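Hi,

Here is the structure I promised to pass on. Please open it alongside this message, and my notes follow below.

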Amino acid sequence: MPRRILAFILLLLSSAFASAQAAPPQAKTILLKAGRLLDVRTGKYIPNAGILVENAKIKEAGPLAQVQAHAPKDVVLIDLGAATLLPGLIDCHAHLLTAGSSISPQENIVNAVVGMSPTMRVLMGAGNAREDLEGGFTTVRVVGHSRIDGDVSLREAIYQGWVPGRRIQAAGRKLAPPGGQALHLNPAVADPIIDQEFLQVGSADDARRAVRENLLYGADLIKAVADADNRFITPEEMKAIVQEAHRAKVKVAVHATTVTGIQTAIDAGADSIEHGNDVTDEQLKTMREKGIFLDITELEFGGRMRAMIEKRQVLPPQLQQELKAYEQMEAKQTPARIGRILKSGVKFTIGSDMWFDYPDKTRGQATAIMFGALKELGMPSADVIRAATVNGADLLGWEDRIGVLEAGKFADIIAVSGDPLADVTELERVQFVMKGGEVVKNALPKK
Ligand SMILES: [Zn+2]
């Protein structure tokens, strides 16, 4: 056996020993007590609920009397009064390391790349991750715009406990057609900027290499851009991406808004389609059959995007007109699409796609505006909540860890004071947050 490997094994053994010896004699057990608990799978409440938390995980959850009977004598009681307990929220489409203030994606991307050092950007991401956690989002998929490995670094910093924040799955750089996405730069000088945000794919070989390069930097998933303006990832390239990622047991999320882009992702066997604006009924049917998730992002619905921008910029009248026309078109098409998605039986999750610095809101509050949008779009509350919890866990491949309040799962728990089934925007006002058994926030009245 090579000496290096032997040394490594000895190191592992000794540290396992050390941590076993260092374990406290009795772990602190917490009993959370609340008016009710939402079983997100069934969409039904368990009244007078309790959750026992031990060693960062849920030991038991259910009716208080039953749970309390199994609590140790020295249990630490946290009484949340009449509040409703839910699993921590999952944002499946986030850009924590981006906080633009311009209406132009190009300007935001270029400013982020040339105006901020990579270190600065990770620290900004750390601020956003903390604010998201305080807003009730205990897990996130970061799907691009993090420079080369900013999201991976942030994930590690949170994991090590250096900074507080949500659990992260990081995608590293987006794989995109040559030229990247949302950029219209002079090709002669653009590459140094593009290469900070994207891995440019111009052939199936490029695609395989790009996947491996991202994995080398520590990505947990691959994010590919199927359509960027009138440029597309080819079917061969997409197949190579999915094949290479799946070989490494890593999932592929594909940005696709057009019928062509969506079809390329479906044919290649991607794991999720992000946005899916023009998805057809036929495509929804195939996605359902293949088990491909649709990750719904409706940040813009109801003029939310324009409202956000107008707080900061005076928009020229022509642009205002254009945005309003776009909103009117969306107001017709989007509720119909949501209705078709619900009817199709396709698996779906939700993502904020929040990449703006929303005036007067923390990142957590800004991320949560998607709940109001989905309510206006007519999605039933139970479906919204499932999308943001149990379905999200399923898409991330973390169904054994998070997404429901059950024994053995991480104690990622939130509470709201109202009735989230009656009004899902209660999730915009999360009052209590626990991540991995640690209380992050408790704004409920003291008992
Ligand atoms: Zn996005």
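The side chain of Thr 367 makes a polar contact with that of Asp 132, at 2.9 Å. (A polar contact is a pair of N or O atoms within 3.5 Å; within protein, one must be able to donate a hydrogen and the other to accept it, and residues adjacent in sequence count only if both atoms are side-chain atoms.) Before you read on: this is a predicted model, where local features need pLDDT of at least 70 and side-chain atom pairs count only at pLDDT 80 or more, while totals for chains, interfaces and linings use all residues. Residues are numbered from 1 along each chain as its sequence is written, and side-chain values use heavy atoms, with hydrogens and water left out.

Thr 367 belongs to helix α13 (residues 363–367); helices (H or I, at least four residues) and strands (E, at least two) are DSSP runs, numbered from the N terminus. With a relative accessible area of 1%, Thr 367 is buried (under 20% relative accessible area; exposed is over 50%, partly exposed in between; 1.4 Å probe, protein chains only). Leaving aside neighbours within four places in sequence, Thr 367 is in contact with residues including Asp 91 and Phe 137, contact meaning heavy atoms within 4.5 Å.

Phe 137 also has a ring partner. Phe 137 and Phe 371 form a stacked aromatic pair, 6.1 Å centre to centre with 10° between the planes. (Rings of Phe, Tyr and Trp, its six-membered ring, pair if their centres lie within 6.5 Å; planes under 30 degrees apart count as stacked, over 60 as edge-to-face and the rest as tilted.) Phe 137 is in strand β7 (residues 137–142) and Phe 371 in helix α14 (residues 369–376), so the pair ties together parts 234 residues apart in sequence. Both Phe 137 and Phe 371 are buried.

Which protein donors does the zinc ion have? They are His 93 (NE2), His 95 (NE2) and Asp 353 (OD), lying 2.0 to 2.3 Å from the zinc ion. (Donors are N, O and S atoms within 2.8 Å of the metal, or 3.2 Å for Na, K and Ca; water is not among the atoms, so sites may look incomplete.) His 95, in the loop between β6 (89–94) and α3 (105–115), and Asp 353, in the loop between β17 (348–350) and α13, are 258 residues apart. Both His 95 and Asp 353 are buried.

Lastly, helix α8 (residues 235–247) has buried residues, among them Met 238, Ile 241 and Val 242. After α8 comes Lys 249, with a positive phi near 60°.

Best wishes
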